[in-house]
Amino acid sequence: MEIAPSSVPRGAPLISVRDLRTYFTIGSGGLFGVQAVVKAVDGLSFDIYKGETLGLVGESGCGKSTTGRTILQLIRATSGQVLYDGRDLCRLGDGEMRRMRRRLQIIFQDPYASLSSRMRVETIIGDALAIHGLASGRERRAMVRNLLQTVGLDPAYAQRYPHEFSGGQRQRIGIARALAVKPEFIVCDEPISALDVSVRAQIINLLEQLQEEFGLTYLFIAHDLSVVRHICTRVAVMYLGKFMELATNPALYDDPLHPYTRSLISAVPVPDPDLEDSRRRIILMGDVPTPVNPPSGCVFHTRCPIARERCAREVPEWREFRPSHWVACHYAGEPIAQA
Amino acid sequence: MTSGGRLLEVEGLRTVFRSTRGPVMAVNGISFHIDAGETLGVVGESGCGKSVTALSLMRLIPDPPGRIVGGSIRFKGQEILALGNRALRDLRGKEIAMIFQDPMTSLNPMLRVERQMTEGIQLHLGKNKAEARAHAIEMLRRVGIPAAERRIRDYPHQFSGGMRQRVVIAIALSCNPSLILADEPTTALDVTIQAQILELLRETTRASGAAVMLITHDLGVVAGMCERIIVMYAGSIMEEASRREIFYNPRHPYTIGLLKSVPRLDRPREQKLPQIEGIPPDLARVPAGCPFHTRCRFVTDLCRQVTPQLREVQPGHRVACHYDVTREEAA
């Protein structure tokens with residue numbers, strides 16, 4: 001069944017990110033040490049609307065995970081704003097932020113690393129309820145059992161330890177823990193990348209079902225463009241700390257404007273032999289440059305198939321090329337000569 | 001695509017690992033072949049036995065805890081399971097080369113690339129040091145390493161992930177092997193680098209005439225790379241066919257389920273992904289009968305009791321299933 005094209009977002013944004021920057025200092029800085037600054041997130045501005053799933057795609061090291069964590073203040077921003085319900089999360093103190101965190105949760109990639117191995121499932125999920133003072137005693141235990149059922153697990157599993165579960169089941173526990181505090185917004189940080197292929201669809205379906213049931217808003221971070229296309233309302237493409245393109249789901253895939261987006265889409269192998277044989281790929285040259293010393297001008301120009309002299313000089317403006325279709329490229333939409 | 005005669009013939013291969021929970025049947029009696037010059041895809045999830053199969057072919061199963069307990073592996077007519085250490089050394093790297101998922105697994109971080117390349121070339125091709133060095137530089141050039149005569153002096157960590165995998169491919173190709181076992185060679189790489197490496201693998205093996213066994217969990221990768229495909233599950237082969245048959249006429253419920261459950265860029269979006277229920281079995285406790293029966297929507301009592309054998313449903317298309325899905329799919 002085909003979905004009607006997602007509409008252009010309406011209503012007030014749930015989260016507004018303004019000129020967000022997260023810089024890391026690396027190197028010891030001590031005797032003979034050389035310090036360098038990594039601009040992991042470098043001036044992002046975007047909105048996340050209530051009830052939507054905003055996809056954030058890009059290759060490893062592009063800053064997508066750091067963006068998610070900075071929004072949640074798990075990493076503090078260097079500058080910029082994250083406006084949530086009229087308040088700038090970057091300005092909140094630790095105590096206030098902790099209280100706020102009930103409404104903003106995260107699901108991690110690696111279900112093996114994100115659950116404490118010494119705690120029973122009951123404690124892992126129940127602690128979230130205890131910390132936020134939401135329930136105690138018998139009520140808390142009942143809620144945990146309810147949550148397990150919600151994510152498709154046997155309530156009797158509450159007494160077990162994480163190592164007794166498969167990857168997919170652990171991810172369900174991680175989801176139950178995030179859901180426990182009744183959040184409004186969840187950052188899903190590569191939630192299915194570590195799972196077996198035959199289990200991925202189960203978790204994708206679960207996330208979609210929960211979104212509908214509880215009216216959740218997701219920031220869905222992934223490197224798999226096929227999965228993002230399936231689950232997201234809008235998609236942002238990131239490269240070396242910056243957004244290259246942001247558009248509604250059908251527009252980004254059907255009519256990508258940025259040469260990086262186009263090459264990413266064309267690089268995804270498709271399980272169809274005839275199509276694979278006839279497809280013409282845009283194969284990018286070289287590797288992603290180091291974020292310690294990003295290229296001048298447009299950060300993508302060193303690998304761009306349509307780069308010109310201007311691209312090395314001038315940082316392209318982040319502009320709304322078409323309604324709700326944003327891009328940072330001097331030559332957005334120009335055709336690419338394919339190999 | 002110069003397919004010749006039988007290069008490799010595997011029959012009834014069984015590889016078992018000892019574990020605290022009892023024996024783990026990693027590879028449970030599989031039979032298949034690879035022809036000279038062809039690219040065979042082996043698809044499956046983690047734990048299905050695809051990597052253990054590759055390691056078994058090279059006799060690289062760590063013993064203990066692992067052991068090849070049965071079957072036969074004939075390479076160019078020679079029984080690999082009967083070879084002594086010396087013959088094995090001549091085989092590995094020269095006749096059969098391997099590319100792993102993580103290039104750091106196959107590269108020694110303490111040695112310059114030069115040393116790691118020339119060692120094998122000198123040993124297997126009988127070249128002297130200078131000749132081996134020249135050959136190594138030529139191989140690096142062929143896989144697209146810029147300034148190869150300088151970079152050959154570098155250590156592995158001085159290369160990026162994609163460049164490192166190119167070095168591994170150069171090493172694999174350097175003694176002109178007739179078979180390359182590539183175990184998830186692009187899984188650790190970003191999608192734009194994956195496209196580069198797959199293209200390189202395709203071009204270089206086509207030029208050298210080497211056969212490739214490409215192991216992956218990614219159905220898209222095999223669709224573009226392989227002429228024939230084997231689908232594995234819980235240590236057994238579920239289906240084997242040409243790539244067109246696998247993708248356009250799959251006959252095993254597991255293959256069909258997998259193909260339907262992945263979101264695809266080339267199809268309209270679906271409301272809900274058709275999912276396979278349940279989880280892959282614990283290999284220390286593989287269920288009786290068909291290993292997939294606990295998750296199969298066509299399961300019958302027969303499947304719970306009798307392990308289906310691979311049977312030919314069309315020339316070159318083999319399926320291990322009691323059920324004929326074509327009846328259902330037609331409806």
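Reader: In which hand does α9(A) pass α8(B)?
Author: In this predicted model, the axes of α9(A), residues 259-267 of chain A, and α8(B), residues 191-208 of chain B, come within 9 Å and cross at roughly 55 degrees. That angle makes α9(A) oblique to α8(B). The crossing in which α9(A) passes α8(B) is left-handed.

Reader: Which helix gives the most to the side of chain A that touches chain B?
Author: The contact as a whole takes 37 residues from chain A and 42 residues from chain B. On the side of chain A, the helices α6, α7, α9 and α10 each supply at least two residues. The helix that gives the most, with seven residues, is α6(A).

Reader: Which strands stand at the edges of the open sheet in chain B?
Author: Four strands of chain B form this sheet in the order β2-β1-β4-β5, with antiparallel pairing. Each edge strand has a single partner strand, so one side of each is left without a neighbour in the sheet, and these strands are β2 and β5 of chain B.

Reader: Which residue in β2(B) does Phe17(B) stand opposite?
Author: Strand β1(B), residues 6-17, runs antiparallel to β2(B), and nine bridges join the two. In β2(B), the residue opposite Phe17(B) is Val24(B).

Technical notes
Residues numbered from 1 in each chain as written. Chains lettered and ligands numbered in written order. Predicted model: local features only at pLDDT ≥ 70, side-chain atom pairs only at ≥ 80, totals over all residues. Contact = placed C-beta atoms within 7 Å. Axes fitted to C-alpha atoms, helices over the stretch in contact; angles between N-to-C directions. Parallel < 35°, antiparallel > 145°, perpendicular 65-115°, else oblique. Left-handed = near helix turned anticlockwise from the far one by under 90°. Pairing = 2+ DSSP bridges.
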